[in-house]
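Me: Could we go through the charge pairs and the backbone of this model together? I would like to start with the terms.

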Amino acid sequence: MGSSGDSRTRLPQLRLDELLEELQARLDAARGTRDRVHSLLEAVLSVGRELELEQVLRSIVEAAAVLVEAEYAALGVIGPDGKRLSEFLTVGVSDEQIARIGPYPSGHGILGELIRNPEPLRLTKISQHAASYGFPPNHPPMNSFLGVPIRVRDHVFGNLYLTEKRGGAQFDAEDESVLSTLAVAAGVAIDNARLYEEAMLRERWLMASAEINHSLMSGSPRGEVLGLIAERARDIADADLAMVAVPVPDTGTLAVELAIGRNAETHRGLTLPVEGSLIGAAYTAAQPVTSPDVRGDDRVTASRQRFEGMGPAVAVPVGSGDGVRGVLLLVREAGRTVFGKTETGPLLGFSGQAAVAMELAERRADAEQIALLEDRDRIARDLHDLAIQRLFATGMTLQSAGRFIEHAGASERVLRAVDDLDETIKIIRSTIFGLRARESDGGETLRTRAVRAVGEAAPVLGFAPSLRMEGLLDTNVPREVADQLVAVLSEALTNAARHAHASRVDVALETDGVEVTLTVSDDGVGVPEGGRRSGLRNLGERADQLGGTFDIKCPAGGGTTLTWRVPIGDR
């Protein structure tokens, strides 16, 4: 009897222990759920507190790793094409590991699977999925995987990728639910951050426009205002290079008037065709034209090496419709994000400031020219109607008085004074003629003639040479020097076409106000030893006649560089 009683005593005790254990398990589960919900709420609040987009993205990926206890976490931002990742933020991988692995993924394999099918994806082993094709060398091992899309206003912004749940466990449905909840909150936070950034960007554009308007109203020179516009556009659009190109009349080309930023000196003064070029496309269409990679763009043909290390670009017309006065080109370094619609819109409005600057400068220049011509005409009238008449009357008086002078020496001095007055009258009349002749002075400028000479050489060469022009060529270079220079340019290009067998010819024409320099270089066979031709002698003789120099260099690696330099300061 005693034994049977002990059994009955132990049985309820065992059941009570099981019940207590189950109760404890449920309490632990409830506590764990409570803690996880608390952690999720904290993560949502943490993400929502940020306003800077970059910091928001960083907070999201860090919170995701903590919530689902993942060893590694990443957030991939989908690019404008909707097929590739434009940004990739990671947690759990050190900078040293990243450097050894190489470039960030662009959206292939499992990552691309989530881009193509934006639905939660949970895997026990990544390598077993059909879209997986392995990891690059030095990549840490990864097996378990959980990914969820992040949507912003029903548009897929990017994806969260989590791998390697701590403790060797697998991601479960609860992890997926928690991460999906975080993704919803992340979408709201990203939207807020983008709205904040857009508002701040609009404020910067408005401040820059106000600065330019102030510069315009204060009468700043055209070049200074254009430089300010290019500088502000480069800064606000976060570009590495900015340049402004303007049309060269009657040539079908655009000349780079100014350039600032990376390798700016290789772009200044360059002349590019409207037809077939990147900036020409924006000029013709009067609409922004973008390029994801300016180095590989077929619309960049002249001196493509000047864009070494550069990538995304946007060309924005300065003005609209028939009033396009030039093109603003912005370029970023290779690997950076392409210019999207949210950037080209404000840029297009901002470039209108450049059109206003150019128009006001032209109107101011016209007014100054009219005032100058009117002043010349007034001076000419005053000289003719007042100075010449008074000098003539004085001469007549002296001539009449000379008849009453008996002293021979005195009489001779008076007659000499009368002759001097006649010479003075002739000088003044010549000056009057010069003033009035300048009013109707016309003809092509040196820049226009140089562009035409280069254009005429293209059919003979089989390609268009590049042309770069710098300095006040049309103002400082005298006509006689300009005539000789154009002749030298034509002869140099003809020689290159006949003898160089070149695939590239670069022309540079520049002046500093003291001398003018023409440089023509090619990548051809060079000038053979002792093969100095008569054409080259002609170039040297033309330089000698004007007190200048002519130099030929033929590097060992091939090619020829002709440098023709003539002083202009004393002319």
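Reply: A salt bridge here is a side-chain nitrogen of Lys or Arg within 4 Å of a carboxyl oxygen of Asp or Glu. This is a predicted model in which local features need pLDDT of at least 70 and side-chain atom pairs count only at pLDDT 80 or more, while totals for chains, interfaces and linings use all residues. Residues are numbered from 1 along each chain as its sequence is written, and side-chain values use heavy atoms, with hydrogens and water left out.

Me: How many salt bridges does the structure hold?

Reply: The structure holds 22 salt bridges.

Me: What does Arg479 form a salt bridge with?

Reply: Arg479 pairs with Asp483, and their closest N and O atoms are 3.7 Å apart. Both residues lie in helix H12 (residues 479-500), 4 residues apart, about one turn of the helix. Helices (H or I, at least four residues) and strands (E, at least two) are DSSP runs, numbered from the N terminus.

Me: Where is the place of Glu69?

Reply: Glu69 sits in the loop between helix H2 (53-67) and strand S1 (70-78). Its phi is near 55°, a positive value in a residue other than glycine. Most residues other than glycine have a negative phi.

Me: What about Ala286, is it buried or exposed?

Reply: Ala286 is buried, with a relative accessible area of 15%. Buried means under 20% relative accessible area, exposed over 50%, and partly exposed in between (1.4 Å probe, protein chains only). Ala286 also has a positive phi, near 55°, and lies in the loop between helix H7 (278-285) and strand S9 (289-291).

Me: Back to the charges. Which side chain meets Asp191 in a salt bridge?

Reply: That of Arg153, at 2.7 Å from N to O. The pair links distant parts of the chain, 38 residues apart: Asp191 is in helix H5 (residues 173-217), and Arg153 is in the loop between strand S4 (145-152) and strand S5 (155-165). Asp191 counts as buried at 16% relative accessibility, whereas Arg153 is exposed at 60%.

Me: And which side chain does Arg295 meet?

Reply: Arg295 meets Glu308 in a salt bridge of 3.2 Å, N to O. These two are 13 residues apart, both in the loop between S9 and strand S10 (310-318). Arg295 is partly exposed at 27% relative accessibility, and Glu308 is partly exposed at 44%.
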